[in-house]
Amino acid sequence: MEISEILIYWYQEHKRELPWRNTDDPYLIWISEVILQQTRVAQGLDYFLRFTARFPNIRSLAEAEEDEVLKYWQGLGYYTRARNLRAAARSVMEHFAGHFPSDYRNVRSLRGIGEYTAAAIVSFAWNQPYAVVDGNVFRLLARLFAVDTPIDTARGKKEIGSLATALMNPSKSGLHNQAAMEFGALHCVPSNPDCLHCPLGNKCLGYASGSPQSYPVKRHKTKIRLRYFHYLHIVCRGETWLHRRQGKDIWTGLYEFPLIETSAPADFIALQTNETFRDFFAEAGEINVSVVLPDVKHILSHQQLHASFYRIEIERPAKALESYLRIPDEDLDGYAFPRLIRIYLDKERQLSGSNSY
Ligand code: SF4
């Protein structure tokens, strides 16, 4: 049997039943693929169901406010992807009369849709012969063919892309792609792949080499940037202060408390010598500080955040807070926060014994 046939046979026996597998609606396939790029299936499923219940089609997503879309994305991270989804939906309404385009180049022209997502959409929805190469397929092919070229190089990517295309049965591209992705996700897993019981065992050069886990080969180790965040949850007579993150940094468009970022760890005593801190509290009268969460580690793809949260009650707000939004405590829940801040708010709510904001 050919590799593609073996994968499809295996898939039909072992695949997980997931809502986006029982549809050829390109909109639902698109949403599921973008969600699954950043989370595991178990967690992604909840997000998918909630997101598509609120935005069941292109029109509903295109007409939604950005804040609401971000709220439904809250906790998934990579918020640019949520903004891109909405922008692409608007573009489908404007340029394709609300119908998801079936032409690969038109799909690729939509904001945030790269080669991988476009191939998934056109092959799953219309069985067009485009090979999908996600992380699971990369690993599978690098092992099957013992590819020594590092996969984080242009040459390595091209090599795997050509193998993926050559391996695919073009008349069953949708099924083949789903099978290869699922096989990589469930069987040819990153650590301890079950080579002994693998239906591809007698065709796998990685297995034959004696160390399948040494594939795929990588050239660069990603550098992790350490950052130290000190959040000030400033409270005055039932109100607090927020701002919306802007620019090209993480969490653009989400809300957060006044933040002081330092280049090295800093405790509260050191923080009080910070100029921004002093400006916030210069005219605040008596202040009452409690540390709700000291040094929470939060891992993002290329960054490790160390965050501390201080709840600080003040008598009156200083001028330095004027550029922030002043929010009644009970309205806080309506804002889209990064997951890190949501963790803090849950903890703070537990400690204060209140059920909601
Ligand atoms: S033999 Fe092992 S490394 Fe090769 S495809 Fe199967 S599980 Fe993956």
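These entries record what I looked up about charged side chains in a predicted model.

**Ground rules.** Residues are numbered from 1 along each chain as its sequence is written, and side-chain values use heavy atoms, without hydrogens and water. Because the model is predicted, local features need pLDDT of at least 70 and side-chain atom pairs pLDDT 80 or more, while totals for chains, interfaces and linings use all residues.

**Overview.** I found 15 helices and seven strands in the chain, taken as DSSP runs (helices H or I, at least four residues; strands E, at least two) numbered from the N terminus. Of the 357 residues, 49% are buried; I used under 20% relative accessible area for buried, over 50% for exposed and in between for partly exposed (1.4 Å probe, protein chains only).

**Salt bridges.** I searched the whole structure and got 17 salt bridges, each a side-chain nitrogen of Lys or Arg within 4 Å of a carboxyl oxygen of Asp or Glu.

I looked at arginine 59 and glutamate 63 and noted 3.1 Å between the closest N and O atoms. Both residues lie in helix α4 (residues 58–63), four residues apart. Arginine 59 is partly exposed because its relative accessibility is 47%; glutamate 63, at 55%, counts as exposed.

Next I took arginine 244 with aspartate 67, a salt bridge at 2.8 Å. This pair links distant parts of the chain, strand β2 (residues 239–244) and helix α5 (residues 66–73), 177 residues apart. Arginine 244 is partly exposed at 26%, and aspartate 67 is partly exposed at 33%.

Last, I noted a network of salt bridges that links Arg227, Arg245, Asp249, Glu256 and Glu261.
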